[in-house]
Amino acid sequence: MTRFLIDGRQPISGAIEPKGSKNAALPAIAATLLTDEAVTLTRLPDIADVRVMANLVQEMGASVSSICGNRCTFKAASIHHSAPDLMLSQLIRASFLLAGPLLARTGSAILPRPGGDRIGRRPLDAHILAFQEMGAEVEISPDSYRLTAPKGLKPADIFLVEMSVMATENILMAAVLTPGTTHIHNAASEPHIQDLCRLLIAMGARIEGVGSNVLTVEGVPSLHGATHEIGPDYLEVGSFIGLAAATGGDLLIRNCRPREHRMTAIAFGRLGIEWEVRGNDIYVPRHARLEIREDMHGALTKIDDGPWPAFPADLVSIALVIATQAAGTILIHEKMFESRLFWVDKLISMGARIILCDPHRAVVVGPSPLFAQRLSSPDIRAGMALVIAALCAEGQSEIQNVEQIDRGYEKLDERLRALGARIERVD
């Protein structure tokens with residue numbers, strides 16, 4: 001098991017550039033199965049989940065170059081089988097994104113129940129019901145899904161039962177090679193879905209409504225190769241903003257698409273954080289003191305999450321840690337995942353004043369002087385939140401199960417040391 005040893009009370013300072021978005025990279029790799037020509041992805045984050053996804057498509061017959069300089073080329077001239085490797089599939093939830101490309105390219109897909117962060121129930125109903133509307137036959141067993149389209153997929157007018165990111169991506173990838181017009185209503189519209197649309201369009205797909213909640217796909221006979229740059233990881237950017245503010249540091253975040261952070265600016269503004277937009281960069285100045293801003297008429301301030309463009313669920317953990325360092329009281333309401341807040345006991349053990357009201361709500365009273373603890377990372381985003389907490393704490397903290405953090409943040413310890421953080425990786 002790999003650990004981080006972190007000495008706290010050291011403000012970070014300097015400049016950093018976010019890596020490519022994990023949540024954009026994984027569907028992009030799945031999309032390379034839609035053509036027999038080469039697809040090159042640049043700004044590809046060299047992280048554990050990306051390596052697993054690359055191994056999955058390689059195991060099914062695609063040639064995959066090594067990730068060099070955050071660049072990798074995929075070529076699925078042929079697909080040997082439609083059953084991705086069981087052990088690899090169970091490592092990441094994104095393995096289920098192979099369903100759409102496999103159905104479109106081969107007419108079948110056999111997938112185990114996917115892995116990923118354990119943050120509550122994450123149903124696949126939206127995927128299955130939409131595939132069935134497109135003519136797929138689905139057999140569900142306790143541990144796997146068998147999808148077949150013996151007569152090929154058909155276009156459909158689909159209304160997703162929930163605004164699911166992965167379901168939107170899966171149906172998009174299935175529809176681009178399905179003859180006729182497919183409409184996807186109640187579609188998710190996160191930046192990484194827009195990135196996937198741009199990749200598919202570069203490969204020859206015909207998609208309208210990019211960035212909206214209604215996508216129209218006109219199927220084409222085939223797709224061709226392309227080169228595509230993965231967009232910056234807006235969740236990493238949000239994490240770095242929180243890191244700078246909570247530790248009392250200053251940070252320039254380069255090439256980070258500031259327009260994607262307008263809702264984060266509103267939510268973090270309630271915690272007293274301000275930043276400057278400088279072209280395509282964000283500058284977070286040193287905050288001498290964070291203070292929670294009360295709502296109108298002195299009402300208790302609240303931060304809650306929701307589907308895009310609401311505040312991202314993956315930044316709730318970061319907001320929680322920031323709140324422990326801000327003067328005042330705030331309610332954090334996690335609406336989307338019923339187990340995502342259970343890790344706050346780790347913050348409480350560090351001295352944070354938090355009342356966990358129920359699986360979805362926590363009241364944070366700050367500021368709280370945090371002190372070092374031995375901790376374990378439960379998932380990617382909570383793991384990053386614990387790193388921020390350790391950098392705010394008095395003494396040396398130990399964070400175990402760093403492999404979880406490595407799934408979403410490339411070489412985090414090296415990049416933070418370049419900003420002045422005292423963090424050491426110990427195997």
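These notebook entries record what I looked up in this predicted model.

**Entry 1, strand β1**

I began with strand β1, which covers residues 3–7, and asked which strands it pairs with. It is joined by 5 bridges to strand β24, residues 422–426, and the two run antiparallel. Within that pairing I noted that Arg3 has Val426 of β24 as its bridge partner. I then found that β1 is also joined to strand β23, residues 396–400, by 4 bridges, again in an antiparallel arrangement. In that pairing the bridge partner of Ile6 is Ser397 of β23.

How many disulfides does a search of the whole structure find? I found 0.

Next I turned to Thr168, which I located in helix α6, residues 165–175. Is Thr168 buried or exposed? I recorded it as buried, since its relative accessible area is 0%, and the cut-off for buried is under 20%. For its surroundings, I set aside the neighbours within four places in sequence and found Thr168 in contact with Leu160, Ile184, Ala187, Ala188, Ile193 and Leu215. With Ala188 I also noted a polar approach, as the backbone nitrogen of Ala188 lies 3.0 Å from a polar atom of the Thr168 side chain.

Note on methods
Residues are numbered from 1 along each chain as its sequence is written. This is a predicted model: local features need pLDDT of at least 70, side-chain atom pairs count only at pLDDT 80 or more; totals for chains, interfaces and linings use all residues. Side-chain values use heavy atoms; hydrogens and water are left out. Two strands pair if DSSP finds at least two bridges between them. A disulfide is a pair of cysteine sulfur atoms within 2.5 Å. Buried means under 20% relative accessible area, exposed over 50%, partly exposed in between (1.4 Å probe, protein chains only). A polar contact is a pair of N or O atoms within 3.5 Å; within protein, one must be able to donate a hydrogen and the other to accept it, and residues adjacent in sequence count only if both atoms are side-chain atoms. Contact means heavy atoms within 4.5 Å.
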